[in-house]
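Thanks for coming, everyone. Please have the sequence and the structure open while I talk.

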Amino acid sequence: MKCAWASIDENKKTHGGKAGNQGAELKTGPYYDFGQKYIIRAKDANIAHDIADAAYLMVINKCIGYDQYQRETLYVVAQDANWNAADIKTLCECDCSELAVVAINCAVKKALIKADTYSGNIVERCVDSGLFKKMTIKKNTAIKQGDIIVNPGHHVIIAIGTLEVKPAASKPANVPAYAVGKTYTLRENMYVRKGPGKDFDAVRTGDLTADGKKHALSNNPHAAAILKKGTRVTCKKVVKSKNGYVWLQIPSGYVCAYNGSKKYVY
């Protein structure tokens with residue numbers, strides 16, 4: 001049985017790396033032994049399939065990386081995408097349990113399981129929702145597509161089976177025009193970066209301007225700076241990348257305004 005899970009960051013650490021998947025932070029592979037004790041199984045087979053679908057789409061999405069300190073940013077971004085895993089296009093982070101939580105919420109299209117859920121309570125919270133049953137893993141227990149396999153307090157993986165999802169072809173779009181001096185609005189929660197590109201590190205929240213700090217998603221000065229959806233920003237410079245991206249320099253750093261197919265700033 002093929003499975004999906006969030007593993008570790010690009011530096012083999014639990015936190016502190018760049019936002020997004022730098023390589024194998026999220027991965028798929030064969031079912032393996034990690035001391036698992038329980039299976040969370042959806043009572044509805046359609047929900048199980050959609051959990052596997054969402055998990056696979058997120059694991060192959062290079063916008064989603066691993067960081068235990070920033071784990072809930074995936075939850076926020078997915079919620080802003082109306083729980084559609086295919087529409088997650090903002091750099092964000094998760095850990096193994098958060099990936100499973102968001103896969104569940106994407107399957108049911110609502111915030112069924114809370115963002116602060118972790119491997120130690122995910123079984124109980126899923127069972128309490130009424131949509132899942134708890135199974136104790138025994139010798140020769142059959143794993144099914146959509147199963148969430150848990151070692152409480154340690155690790156969570158998701159069974160995706162032979163699922164292979166091809167990303168939808170992007171539709172051509174006209175590159176939007178942005179002007180220096182104009183004020184724009186963020187359509188989504190957006191990382192603020194030190195330069196015009198995803199390879200640049202995120203600015204830390206503590207380094208934002210005074211006004212930027214008022215609109216930051218986190219109050220932690222050491223956290224990667226993310227400005228909230230709806231924040232108004234003033235354009236100081238427009239940078240167009242060869243890959244079709246458009247970046248705006250704002251007083252606190254750079255934000256992605258357009259990714260070649262979707263506007264994030266208007």
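First, the ground rules. This is a predicted model, where local features need pLDDT of at least 70, side-chain atom pairs count only at pLDDT 80 or more, and totals for chains, interfaces and linings use all residues. Residues are numbered from 1 along each chain as its sequence is written, and side-chain values use heavy atoms, with hydrogens and water left out.

Let's start with the rings. Rings of Phe, Tyr and Trp (its six-membered ring) pair if their centres lie within 6.5 Å; planes under 30 degrees apart are stacked, over 60 edge-to-face, and the rest tilted. By this rule there are four aromatic pairs. One of them joins Trp 5 and Tyr 32, tilted, at 5.0 Å centre to centre and 55° between the planes. Which parts does this pair tie together? Trp 5 lies in strand S1 (residues 2-6), and Tyr 32 in the loop between strand S2 (26-30) and strand S3 (38-42), so the pair links parts that are 27 residues apart in sequence. Helices (H or I, at least four residues) and strands (E, at least two) are DSSP runs, numbered from the N terminus.

Tyr 32 also pairs with Phe 34, again tilted: 5.4 Å centre to centre, 50° between the planes. Trp 5, Tyr 32 and Phe 34 form one aromatic cluster. Trp 5 is buried at 10%. Phe 34 is buried too, at 15%. Tyr 32 is partly exposed, at 29%.

Some rings carry a charge over the face. The rule asks for NZ of Lys or CZ of Arg within 6 Å of the ring centre and within 35 degrees of the ring normal. Lys 134 lies over Tyr 38, at 4.3 Å from the ring centre. Arg 193 lies over Tyr 191, at 5.5 Å.

Now helix H2, residues 73-80. Its buried residues are Thr 73, Leu 74, Tyr 75, Val 77 and Ala 78. What covers them includes helix H1 (45-59), helix H3 (96-108) and strand S5 (92-94), where contact means heavy atoms within 4.5 Å.

On a 1 Å grid over the protein atoms alone, a cavity is a set of points where a 1.4 Å probe fits but cannot get out; a pocket is an open set with protein on both sides within 12 Å along at least five of seven lines; lining residues have an atom within 4 Å of a point. Points are joined across faces, edges and corners, and a volume is the space filled by probe spheres set on the points. There is one cavity of 30 Å³ or more. The largest cavity has a volume of about 40 Å³. Its lining includes Thr 73, Val 76 and Val 77. H2 gives the largest share of that lining, three residues.

Last, the backbone. Most residues other than glycine have a negative phi. Asn 82 is not a glycine, yet its phi is positive, about 60°. Asn 82 follows H2 and lies in the loop between H2 and S5. At 62% relative accessibility, Asn 82 is exposed. Lys 109 has a positive phi as well, near 65°. Lys 109 sits in the loop between H3 and helix H4 (122-128).

Notes. Buried < 20%, exposed > 50% of the residue type's maximum accessible area, 1.4 Å probe, protein only.
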